Amino acid sequence: MKMLITGGAGFIGSNFIRYILSKYSDCRIINLDKLTYAGNLENLSDVESSPNYRFVKGDICDTELVDRILKDGIDAIVHFAAESHVDRSIHDPRIFVKTNVLGTQVLLESAFKFKIDRFIQVSTDEVYGTLGREGSFSESSPLQPNSPYSASKASADLLARAYFETFRVPVIITRCTNNFGPYQFPEKLIPLFITNALFNQSLPIYGDGLYVRDWIYVEDHCKALDIILHQGKVGEIYNIGGGNERTNLEITDLILKRLNKPKSLIKHVKDRPAHDRRYSLDCSKIKAELGWSPDTPFEEGIFRTVEWYVTHQEWWKKVKSGEYLKYYQKHYQLEDPS
Ligand code: NAD
Ligand code: DAU
């Protein structure tokens with residue numbers, strides 16, 4: 001199979017490329033990535049010399065470039081490329097619409113033109129909006145996104161659905177819960193708190209810290225996408241979740257304990273606007289129809305992740321400078337990282 005992976009230099013995309021290359025010797029991958037602040041070719045340094053892997057630097061909004069890649073014969077597109085951080089979408093929504101909505105439309109149009117066999121739209125549980133204490137979202141729950149990020153992802157999902165209904169582009173939409181693991185950009189909760197705690201910097205908990213996310217180890221997400229790519233039914237939506245609902249304070253406690261750091265590092269700060277209280281997915285469909293379930297126990301995943309950031313300080317120290325610093329200096333009171 002020849003695959004186009006978009007956004008393969010980011011967190012989940014790079015884990016997915018590594019997973020696919022190690023599992024299939026006959027799979028060829030083209031990774032199309034713009035290398036925004038979140039894209040990093042160092043995430044793929046161990047696979048870049050593989051004869052089955054090729055990197056193309058470019059924007060998914062560039063129709064000519066996307067057409068040129070697809071013209072060469074691509075069987076499947078796994079579409080990760082996106083602006084992915086909710087906080088950034090509140091500060092600057094426009095780029096989220098451009099990349100997440102228009103970029104997805106460019107890919108769908110080209111997939112139609114060149115008759116691609118599979119188009120996996122990698123989406124998120126955030127499109128469903130927020131829950132109270134009870135219940136879970138199923139694939140047929142209404143879309144009620146609350147942030148510019150989740151609205152842009154929901155819009156892209158609707159375009160993907162429309163390209164299936166109107167043009168029969170063989171689209172499958174996946175909606176996953178919060179991922180964690182190696183190579184996650186340290187603006188997201190878990191890597192931010194691990195890297196801050198390591199240097200005794202404060203951990204900014206938004207509001208009361210009782211917001212609930214369902215956490216999944218990134219490799220389990222990659223396994224689900226692989227199964228969906230090969231066995232999923234076109235036109236369908238599959239929820240993917242870890243079944244590990246935790247409050248942000250519970251996550252923080254676990255990280256602090258593992259690093260042997262004091263709770264006094266926790267600092268309650270101003271809440272995120274329209275902060276979704278709880279996410280929870282009903283994943284019975286993917287379990288029953290495709291036989292997938294997550295393998296990594298939550299605490300084991302967290303410990304592996306802490307260990308990875310402890311042993312890869314060069315990676316994240318580089319990442320936590322440059323554009324990251326500029327952004328955080330503009331929007332937050334930044335502590336001296338030294
Ligand atoms: P990420 O921010 O780590 O990576 C995004 C990648 O996309 C980067 O390499 C970036 O350079 C690239 N990119 C951005 N704009 C681009 C453009 N215009 N053209 C080409 N490349 C571009 O994101 P992630 O956390 O790995 O998320 C990947 C996908 O999975 C996203 O679509 C996201 O919505 C979805 N998702 C993420 C999670 C999560 O917990 N991280 C959960 C569910 C779904
Ligand atoms: O649910 C899937 C989504 O998970 C993905 O679609 C997004 O791409 C991904 O970024 C993630 O979104 P969240 O907003 O849930 O992730 P984040 O790590 O930003 O925040 C997780 C929780 O932690 C959330 O309740 C906000 C809180 N938080 C986050 C940060 C960065 C804090 O309290 N303090 C922080 O500094």
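**The α4 and α5 pair**

Mentor: Helix α4 (residues 94-113) and helix α5 (residues 148-167) have axes that come within 8 Å and cross at roughly 15 degrees. Helices here are DSSP runs of H or I with at least four residues, numbered from the N terminus. Axes are lines fitted to C-alpha atoms over the stretch in contact, and angles run from 0 to 180 degrees between N-to-C directions. That crossing makes α4 roughly parallel to α5, a term for angles under 35 degrees. The crossing of the two is right-handed; that is, the near helix is turned clockwise from the far one by less than a right angle.

This is a predicted model, in which local features need pLDDT of at least 70, side-chain atom pairs count only at pLDDT 80 or more, and totals for chains, interfaces and linings use all residues. Residues are numbered from 1 along each chain as its sequence is written, chains are lettered from A and ligands numbered from 1 in the order in which they are written, and side-chain values use heavy atoms, with hydrogens and water left out.

On the α4 side, the residues in contact (heavy atoms within 4.5 Å) include Phe-96, Val-101, Leu-108 and Phe-112. Those they meet in α5 include Tyr-149, Lys-153, Ala-156, Leu-159 and Phe-167. By class, the contact of α4 with α5 has ten nonpolar, five polar and two charged residues. Here Ala, Val, Leu, Ile, Met, Phe, Trp, Tyr, Cys and Pro count as nonpolar, Asp, Glu, Lys and Arg as charged, and the others, Gly among them, as polar.

Two of the α5 residues in this contact, Tyr-149 and Lys-153, are also among the closest to ligand 1, together with Ile-12, Asp-33 and Ser-84. In total, 28 residues surround ligand 1, each with a heavy atom within 4 Å of the ligand. A polar side-chain atom of Tyr-149 lies 2.6 Å from an oxygen atom of ligand 1, and for Lys-153 the corresponding distance is 2.7 Å. Gly-10 takes part through a polar backbone atom, 2.9 Å from an oxygen atom of ligand 1.

Polar side-chain atoms of Glu-126 and Arg-213 each lie 2.8 Å from an oxygen atom of ligand 2. Tyr-206 instead places a backbone N or O atom 2.9 Å from an oxygen atom of ligand 2.

How values were computed. Polar contact = N/O pair within 3.5 Å; in protein donor to acceptor, adjacent residues only side chain to side chain. Parallel < 35°, antiparallel > 145°, perpendicular 65-115°, else oblique.
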